[in-house]
Amino acid sequence: MTRSTQVVVIGGGQSGLAAGYHLRRLGIDFIILDAQAAAGGAWQHTWDSLHLFSPAAFSSLPGWLMPPQAGEEYPDADHVVAYLRDYEKRYELPIERPVLVAGVHRDGELLRVETDSGIWHAHAVISATGTWWRPFLPAVPGRGVFAGRQLHTVEYRGPHDFTGRRVVVVGGGNSGAQIAADLAYNTQLTWATQRPPRYLADDIDGRALFDAATARRRALDEGRTDSGGVASLGDIVAVPPVRVARDQGLLTARPRFARVLPSGVEWSDGTRSEADAIIWCTGFRPALSHLAPLQLRGRRGHIAVEGTRAIDEPRLHLLGYGDWTGPASATLIGVGRPAREAAREISALLADRRAG
């Protein structure tokens, strides 16, 4: 089956919904293709204790403030899933799911989007697949010989699976700190980080992070000195569970180990720590395999963009992959502005096509 529309949006999580909101406001015909079976994007698959870094009102998509969650200053992942589900219904966004996109191809004046349920032709494509689906595991010597359980952030659900076990958590970012805090009470925890943990001030949450990312982008656009953005403030937001575990002395980090052994890990000085499980909180890479036929990937797997538009394929926009596709664009509050810019550029592209 082959169908046509003006714009295909690939991904039905927060970025895809923000794109849909702005495309609808501009009267553009579009479809959102989502690989997930239900609404909510990656938020459906996070660990049980995950909470946002900001209050609901500061974690909202364009057009509609996220309602507060009763009894919670910082909403949990289930609340976010419910908000995203209600958001797509509120704005009657056209979404087909589950649809797996196999590849995007050039096809004359159009782009051809091949999926497991047929082919779409479009004048423009917005890729909004995020990073959750491509976890990164570092090439640590011996990782393949470990006899215990190894998992990445994406597979972790809660501490109940590890009670009384010896667990090594690897990673000094937010996910590493939060999962370490989760496990600090009922396991024999070793927390290994590449550098000493850098906590943001306790009164800083996602609102300040968004402001810092926006200020950095503005400075770079105006040719001023790079402020460092969020990275200049620290690596870890001290959300309440992390703060409590830290203040109780339960989050003592060790340097990253040098190698993995069948029974645990070993540091360069020969010190060893036995382990039943290793949890790799080591980040993600952009999930862009569906764009491989366009041959646009460059340094670090990124696609060169101007704003959200791919420089070497102006009919393609990338949304929500990190600061390289818009300041704080991988966050709920941050994705609205680049989504609006992408929709406006696509509108101008369509107008040029009609005029030509």
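In which order do the strands of the open sheet of three strands come? Figure 3 has the answer. First, some ground rules: this is a predicted model, where local features need pLDDT of at least 70, side-chain atom pairs count only at pLDDT 80 or more, and totals for chains, interfaces and linings use all residues. Residues are numbered from 1 along each chain as its sequence is written, and side-chain values use heavy atoms, with hydrogens and water left out.

**Figure 1. A hairpin built from S4 and S5.** Strand S4 covers residues 101-107 and strand S5 covers residues 110-115. (Helices, H or I with at least four residues, and strands, E with at least two, are DSSP runs numbered from the N terminus.) The two strands pair in the antiparallel sense over six bridges; to count as paired, two strands need at least two bridges found by DSSP between them. Look for Val 101, whose bridge partner in S5 is Thr 115. Two residues sit between the strands, and Gly 108 in the turn has a positive phi of about 65°.

**Figure 2. Val 242 in helix H5.** H5 runs over residues 240-247. Val 242 counts as buried because its relative accessibility is 1% (buried means under 20% relative accessible area, exposed over 50%, partly exposed in between, with a 1.4 Å probe and protein chains only). Leaving out residues up to four places away in sequence, Val 242 touches Ala 177, Gln 178, Ala 181, Tyr 199, Ile 236 and Leu 251; contact here means heavy atoms within 4.5 Å. Val 242 and Ala 181 are 61 residues apart along the chain, yet their C-alpha atoms are separated by 5.5 Å.

**Figure 3. An open sheet of three strands.** Here's that order: S11-S12-S13, with antiparallel pairing. Strands S11 (259-261) and S13 (272-274) are the edge strands, each pairing on one side only. Strand S12 (residues 264-266) pairs with S13 over three bridges, and Val 265 stands opposite Ser 273 in S13.

**Figure 4. Helix H1 crossing helix H6.** The axes of H1 (residues 14-25) and H6 (residues 336-355) come within 8 Å and cross at roughly 45°. (Axes are lines fitted to C-alpha atoms, for helices over the stretch in contact, and angles run from 0 to 180 degrees between N-to-C directions.) So H1 is oblique to H6: angles under 35 degrees count as roughly parallel, over 145 as roughly antiparallel, 65 to 115 as roughly perpendicular and the rest as oblique. On the H1 side, the contact is made by Ala 18, Ala 19, His 22 and Leu 23, and on the H6 side by Gly 336, Ala 339, Arg 340 and Ala 343.
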